[in-house]
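Subject: Structure handover

Hello,

Here is the structure you were going to look at, with notes on what was found in it. Please read the notes with the model open beside them.

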Amino acid sequence: MNKIVDIFYSLQGEGTFVGTPSIFIRFYGCNLECSFCDDIKHTESFEHFSNEELLQKIQGFTCKQVVITGGEPSIYNLNAFIEFLQAYGYFVCVESNGFKFANIQSANWITYSPKDWDTIALKGCDEYKFIVSSASKVDKILALQTNKPIFIQPQNDFLTANATNVKYCIELVKAHSRLRLSVQLHKYLGVE
Ligand code: SF4
């Protein structure tokens with residue numbers, strides 16, 4: 001059974017698929033406790049859903065793109081669930097801090113948001129997303145040897161944008177043109 005906090009239909013607000021209508025499935029729990037976490041729902045209550053029950057829920061939306069998020073989805077082995085959804089024609093994206101890529105390797109797309117920048121994995125993901133504040137030491141990001149997209153996302157003050165961090169990230173991206181800005185479009189639009 002899957003431990004699910006929330007299921008909702010919205011727009012992807014971050015990364016390569018920004019603006020894409022997507023069904024979000026938020027799993028319970030995380031291996032980390034980041035001070036800037038804006039996904040506090042993952043620590044609250046959850047409900048158990050079987051794969052079939054989740055399919056039934058998401059079939060209520062007219063969309064074939066699913067985003068599995070958390071918390072940290074890779075604390076569970078989700079490959080069977082991902083393949084189950086793919087068999088019904090879903091394109092399955094997973095957002096992960098990189099805890100265990102093997103548990104989500106069946107996904108069509110993996111967004112990797114490392115929290116320990118001293119040990120950034122080079123394999124297992126399709127794009128990188130770094131949460132950056134004006135106090136961040138970004139040398140490890142700049143040294144990253146990859147052709148995959150690298151998104152720089154300004155660290156918020158919980159749910160609201162931090163203007164200093166936004167400005168810092170804009171200047172960082174302008175100074176290093178292989179980086180791309182990601183601004184959590186959904187928060188600016190006021191959607192979930
Ligand atoms: S890894 Fe992500 S979900 Fe987990 S505590 Fe940090 S910000 Fe929150």
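Strands β7 and β8 run parallel and are joined by 5 bridges; strands here are DSSP E runs of at least two residues, helices are H or I runs of at least four, and both are numbered from the N terminus. Two strands count as paired if DSSP finds at least two bridges between them. Val132 has Pro154 of β8 as its bridge partner. On to β9: 3 bridges join β8 to β9, again in parallel, and Ile152 is bridged to Leu181 in β9.

This is a predicted model, in which local features need pLDDT of at least 70 and side-chain atom pairs count only at pLDDT 80 or more, while totals for chains, interfaces and linings use all residues. Residues are numbered from 1 along each chain as its sequence is written, and side-chain values use heavy atoms, with hydrogens and water left out.

The sheet

The open sheet is formed by 9 strands with mixed pairing, in the order β3-β1-β2-β4-β5-β6-β7-β8-β9. Its edges are β3 (47–49) and β9 (179–181); each has a single partner strand, so one side of each is left without a neighbour in the sheet. On average, neighbouring strands are turned by 30° against each other, direction ignored. Strands β6 (residues 109–112) and β7 (residues 127–132) pair in the parallel sense over 2 bridges, and Thr111 has Glu127 in β7 as its bridge partner.

Helix α4 (residues 163–175) lies across β7, β8 (150–154) and β9, and runs at about 155° to β8. Such angles run from 0 to 180 degrees between N-to-C directions, with axes fitted as lines to C-alpha atoms, for helices over the stretch in contact.

Lys129 is found in β7 and is buried, with a relative accessible area of 11%. Leaving aside neighbours within four places in sequence, Lys129 is in contact (heavy atoms within 4.5 Å) with Glu14, Thr111, Tyr112, Ser113, Pro114, Phe151 and Gln153.

Asn97 lies in the loop between β5 and β6 and is buried too, at a relative accessible area of 13%. Its C-alpha atom is separated by 5.0 Å from that of Pro114, 17 residues apart along the chain. With neighbours within four places again left aside, the contacts of Asn97 include Cys30, Glu72, Tyr112 and Pro114.

Helices α1 and α2

The axes of α1 (residues 51–58) and α2 (residues 79–87) come within 11 Å and cross at roughly 40°. The two helices are therefore oblique to each other; under 35 degrees would be roughly parallel, over 145 roughly antiparallel, 65 to 115 roughly perpendicular, and the rest is oblique. Asn51, Glu52, Leu54, Leu55 and Ile58 in α1 meet Phe81, Phe84 and Leu85 in α2.

In α2, Asn79, Phe81, Ile82, Phe84 and Leu85 are buried. The cover over the buried residues of α2 includes β1, β2, α1, β4 and β5 (91–96).

Regards

Conventions: Buried < 20%, exposed > 50% of the residue type's maximum accessible area, 1.4 Å probe, protein only.
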